[in-house]
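I opened the notebook to look at how the chains meet. Then I turned to the domains.

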Amino acid sequence: MTDFSVVGKRRPRLDTIPRALGEAKFSADLGLPGMVYGKVLRSPYPHARILNIDTSQAERLPGVKAIITSKDVMPYKWGVFAYTRDQQLLPLDKTRYLGEEVAAVAAVDEDTAAEAAALIRVEWEPLPYVIDPLAALEEGAPLVHEDKPGNVSVRIFVDEGDVDNAMADAYLVDEGEFTSPEENYCMLEPYAVVANYESTGVDIWCPNAGPHMKARPISNALGIPTSMVRVRKVHIGGHHGGRSEVSPADFMAALLSKKARRPVKLVYTREENMNCVRQVHGARTWVRAGVTKEGKLVGLDFKLIMDGGAYASTGPIAASVAYQMIEETYAMPNLRYEAIRAYTNKPPRGMYPHHPRTTYGGLEMVLDALAEKLGMDPMELRLRNSVYEGYVTPTKTVISSCGQIETIQRAAEKAGWKEKYGKLPPGRGIGMSSSACLIGFPMGIRGGSGAFVRFNEDGDATVISGVVDNGQGNDAMIAAIAAEELGLPIEAIKVVTADTSMTPSDQGAYSQASTILSGGAVKAAAADAKRQLFDVAADLLEANKEDLVARDGKIFIKGSPEKSVSLAKAARTALGRDKAILGRGDRWPKGDHKREWVSNPRGQLASAFSYGTAIAEVEVDMETGRVKLLNMTAAHDCGYPINPLSVEQQMHRSALEAGPAGVMLERHAWTAAGQNINANFTDYWFPLATDVPNIETIIVTTNDKFGPFGAKEGGLSISIAMIGAVANAIRNAIGTTVHDFPMTPDVVLRAIEARNESESGSTTHE
Amino acid sequence: MEQVLIKLTVNGREEDVRVSPHKTLLEVLRDDLSLTGAKNGCEDGSCGTCTVLLDGAAVRSCLLLAMEAQGHEIVTIEGLSDGQNMSPLQEIFVNQGAVQCGFCSPGMILTAKALLDSASSPTETEIREAISGNLCRCTGYTKIVEAVMAASGQPVPVRTHPYEGDVSERAAS
Amino acid sequence: MQLPRFDFIQPATIDEACSLLDERKGDATVLAGGTDLLIELRRRLRKPGCVIGLKEMRGLDYIQKDDGGDLRIGALARLQWIESSPIIAEEYPALAQATRLVAVPPIRRVATIGGNLSLDTRCIYYNQSEFWRSAQADCIKLGGDICHAVPKGRRCLAVCQSDLAPVLMALGASVKIVSAEAERTVALADFFTGKGEKPNVLAPGELLAEVIIPSDGQRAAVYEKLRIREGMDFPLAGIVVSLGTDGQGAAAGARIVLSAVGPAPTRIVEAEGLLEGKRIDDDLLEQVAQVMFERAHPVANLAMDPWYRRKMVKVLTKRAVRQALETAKAN
C-alpha cells in the first residue's frame, strides 16, 4: 500500500508558489476594462420595515452608473433546503439585522460609490427586535419571520435508546450548562466579487467553497438559466466554513453589472466581512452524561439552543453535526439530543469546524469530571469508550476505518500524558479530548463530484474538477492523486478547477469531502484515462493491457520496467490513431439517501470518519485568570496522507482556530441595540503569533477502503478535539469547570473565585 | 485637493504617479502601479497584509499616505523575485509549508525579510514577536516560525512519518 | 474604506508647521506616525480640511540629554527608537518596557511618542465606523448629549489608552507645546484634562513638540499593563509604580499612576502616601491596592468587563509595587 511515487510523499505545494511570489490574484486584485465599483447601503436598524427608498439624489451624482434596490429584485427566496428558503438576496419588505443589504451602487470609483450610497434616502419603520436567542423563543417575542412562529428556525430531535432509564441506572451522572457568544471566521481576505453581465450570461469571480452551490441560487435570483451563470474562483484567502453558500454580494454585483452594463467590482470592508458574510452560531448547551462503575458511557443527553441570526442558512446541518460527531466518537447505546435554532435580529450564521464549542467542549469537561469522580485517568475513559470499525451508532451509522485509539495513544506518548496528568504543579494543567469528523454526507443531486482527465500531446495531463481550493491545498491534492494514478510526475499535471461553465459539479469544500469525493472522482477519471492509454501501450509493448503499470512517466509490464513506453508517446500514438485520451470519473458519498437532517435523522450518514486526539498544556495565573497556552499536540487519523505536509498544515490550522481562538479568545459582543462592538481586528481577539505555542502533529494512518489511496480528510477532527483539550487543560489547572466560552481571563477568574467560595463556604461578594 | 504628481521608488524603479493626497501607499501600489501583492485586509492597521518594506523596515502601507512615501525605497513582494524564480526566502516559505491560502504571505514574507536583514539568527521568541503584527488563520504560525528559522540557517524540527520513506528525499529548505 | 479628501502639506520646519497650524486653525490636524489618525480619518471621526504631515520634518526627532541632566525626547521620536535607546534603557527602563508593550513592532516603527501621548480617548461606542455610529444617536464625544456606555451619563468617560502617558507621568515628565505665537511647558499631569471628549490641553494651532523627563536617580519604575493578547491590544487597565528606597529597604518618594480606566492617567497620592517610609509587607500592599481599587471606576466602554478591569487594578498594583521595590533595592 505504501509503494507510491507521489502520494504519501512530503513535498511543497506547487499552488503556493504564486502566493509566495505575490502574483496570485485574489478577487479584489482583478480588473476588467470599463470596470466600475460597488458599494452597499445597509440597514442601520436590527429590524425595520422599508417604507420607501429614494435614489433620485444618488442617481444624479456624476459618476454613478447603476443603483439597485428591492425594486430591481424578483420575489425569490433562497435557502439551502426547500424548507429553509427564507432569504431574499436583497430584501423587499424589511431588514432583519443591523447591516443587512438595502441597496447598492456602482460608480466610477469607490469614493463616488460611497458618496452615492450615502445619498440614498430610506424611509424606515423601526420594528421591535430581539437579539438574545432565549428571549427570541419566549412567547410574544418580535417575529423575525412572520411565517416562523416562535422564532424557531430549526428543531432537531433525536431520541435513541432509553436515556432516562440509562441515567437512572448509571453508576455516576454528571451534567453542565455551557454558553458561548458568536465567533467569527476571520478569513484574512475580505469578501470581494467581480461580476460581468453580458447578454450571453454573467461571469462571477468570488471567494467560495463551492461554485456550483452558488451558481444555482444566483441564476434563480436573476431569473436566468444556471448555464448562463459562470462562477469561478481565483485565489481564495480562506473559507473556514463561512463561504459555503451564496452571498448577497454575488447577486448584487451581478445585478449591478447588468444594470450598469459594465463589469462591477464589489469589495467588502473588514466590518462587512465580519457582519454580513457569515458568523458562527452562539450557543447554550446543557449536557448530561452517565457512566458505569467501569467508566463505560451509558448515555448522553443534550439540550441546545443556537443563536441562528436572521436566516436559516445551513441551519439544519449546523444544528445536527455536533451529536453526529459525538456519536461517531464515543460508543454509547442511548442518545438524546434536542437542538433549537432560534431566529434573532443578528447577522446570519453558518458552519464552523468546532461549533458549537459549548457542545463539544461542554461534553469533554463533563467527561473529565466523571473520570475524576471515578478515580480514572481521563485518557483511560476515552480509550474505554472509543468507537471502532464496524460499530453502529445510535442513529444507525456504521463506522468504517477508525484510528481513534491509536491517536489517543500516540498523542499521549508525544505529550508525556502519563508523566504529567495529575502530577503538574498548581496552576498548571493538561487536558485531552478526542473527536471523530464525518466526511461527505448525502446532499441529494449535488452531493457528488465529477472529474475529467485530458491528455495533451506533450504527454502532460489536465485535470478538470469542480473542487475548490480555498487555500487548504485542494488543487495540489487532486494533482497528486492524478499524478499517482497516471504514473506521471506531479509537475506534469495541470489542474482546472471550480468553474461552473467548465468543471463538473462538485459537492463543495465543506463536509470535509474534497479528498474523498473530489479526489476520488479524479482518481477514477485518471484510471479511465490510463485504461485508454494502456489500450495503445499494450500494442506498442506487445503486452496484455491487464499486465501494464504506469509510473514515473512510463508504461511498462509490471515487474519489467526496463522495457517501457512513455505516457507521452502513448498519448501521441493515440492521437495519431484518431483517438483523444479523455478520462471521466465521479464519486458519490456512501450515505443513506433517505436520511434527512430534520425529518429522518437515521441511517448511514457519511462515507468515512476521520479521528483525532488533541492534548494541550496550560499555565493559569490564578490571580488574573490569564491562561498561557504552553503547547498543543495533535494526532490525526487522516486515512492516508496524500501529502503529509498538507495534513500537518491543516492540523495546525485546526489547532489555532480551536485552541487559542476557540477556547481562549474569540467572541463577538453586542450592544443592547443589536450592534456588534468588535467587527474589526483591533477589538476582536484574533490570536497573534505570540499567543500561539508550537503545535506538534502526529499523523495516524488507517487506509480507508473508500478513500482514494486510503485517504479520508486532513485535520478537521483536530478542530473539534482541541476545544475539549484546551478546555480540560484549564479545568485541570484551576480545579473547576469553566462554563462560558471563550475562557478569557475574566471568565476564568470568576470560575476560580466561585470555586474558592464554594470551598470556603463563604458567599461574600466584592 | 488637486491631484499631485509624485515620484515613488518601488522595487528599484522610479515611478511617476498622479495621486490625490488622501490616497494611501497601499491604494497607489494596488490601483496605480498594479502591484496587488500587498493586500487590504482590515483598514485599521491590525492585520499586516499590506506590509511593504520602507527603507528596509516592514511597515503597513495602509497607514502611510502615498505622498509620505516619496524619497524612500519601497519594496513590495513583487520586488523580492524576478517573477519567475522565487527568492531563497520565498522558496523556504513554500518548502516548509508556511504558505496556505496566501493572503497573509506577502506581508509575512516581507516582515520576515526585514527581521532576517537585521538579525542573523533570531530566536523563536524574537520571530514570534516580529510577526505578531501579521495575522494568519491557516498555519497556526508554526510553519512560518520554522521557515524563518530555516531561512537563518537554524535547525528546524524534522517531521517524518513511518510511511514517508527516506528522509533525505524530503524537499526541505 | 477610503480616507476622506483633504489637503496635505508637509512642512520642513517647526516654524512652518506652526504657521500652517495657525493659518488653518480648527481645520488642520497633524499627522505624525499616523497609526491612529489615519484610522480615525477612515472612520470619519475627524474631518480635517488640511492634514499637516510631519514625517519628513526635522527638528523634533531626537532623544538627548540636556545640560541639566534632563532627557529631552522630540515629539516625533519613533517608539522603536525609544525601546532601543541606550540612554533610556540605562536610566528609564520602565519607559522602554512600556514602549515594547505598545501595539506590535511595525506600528512602533512609525508611531511617535507625541502621537502616543496625544492619543485620543477611546470607547467602544465611539471608535467605530461611520456606518456603525449612524445606527445610534451622537454621544457626548461626538457632540451629542448622551452616553451609550453609561446610561444617563452626563460626562464622557472615554478612556486614555496611552501606554506611555502613565509611565511618563510617574517619571515626572512634562511636555513642551509650541504654536505660532508662543511656547509653553506643561507638567504631564496638567496636560490631561480628565475629559473624555477633550482629553488634553492642546489648543487649535498648538503642537506637542517635546517630552522632558527629569533625571530619575536611583528610583525604579514598573508598568503593569492589562491586556488580553500578547501584543496589539490597548491597555484595559494600567498601573505604574515608581519609587526609591531609603537605604534600609523602605519605600521613598513613591509615585503611583492609575491609567486606562478613565479619561486621563491619574496619580493616586493617597496610595503613594501609604508607602512613604514604610517597609512593605502584605498588609501594606493590600491597603495600597485597596486604595487603587477604590479610585478606579472603569465603566462598560471597552471590550472587557469593568468588574474585571477594576479587580485587576488591585492585582497589578501589588505586582508593580513589589517589583519596583525589588528593582529599587537592587539599584
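The entries below cover the chain contact and then the domain contact.

I worked on a predicted model, where local features need pLDDT of at least 70, side-chain atom pairs count only at pLDDT 80 or more, and totals for chains, interfaces and linings use all residues. Residues are numbered from 1 along each chain as its sequence is written, chains are lettered from A in the order in which they are written, and side-chain values use heavy atoms, without hydrogens and water.

**Chain A against chain B**

I looked up the contact (heavy atoms within 4.5 Å). Chain A gives 65 residues and chain B gives 56 residues. Next I took the buried area, the accessible area (1.4 Å probe) that two parts lose on being put together, summed over both. The two chains bury about 4,600 Å², with 56% of it on carbon and sulfur atoms. A:Arg10, A:Leu21 and A:Leu188 supply 15% of the area that chain A buries against chain B, more than any other three residues.

I then checked salt bridges (side-chain nitrogen of Lys or Arg within 4 Å of a carboxyl oxygen of Asp or Glu). I found 6 salt bridges between chain A and chain B. One of these joins A:Asp29 to B:Lys39, with the closest N and O atoms 2.5 Å apart.

**Inside chain B**

The domain assignment, automatic or from a database, gives domain 1 (4–80) and domain 2 (88–151) of chain B. I see 19 residues of domain 1 in contact with 13 residues of domain 2. The two domains bury about 1,200 Å² between them, 69% of it on carbon and sulfur atoms.
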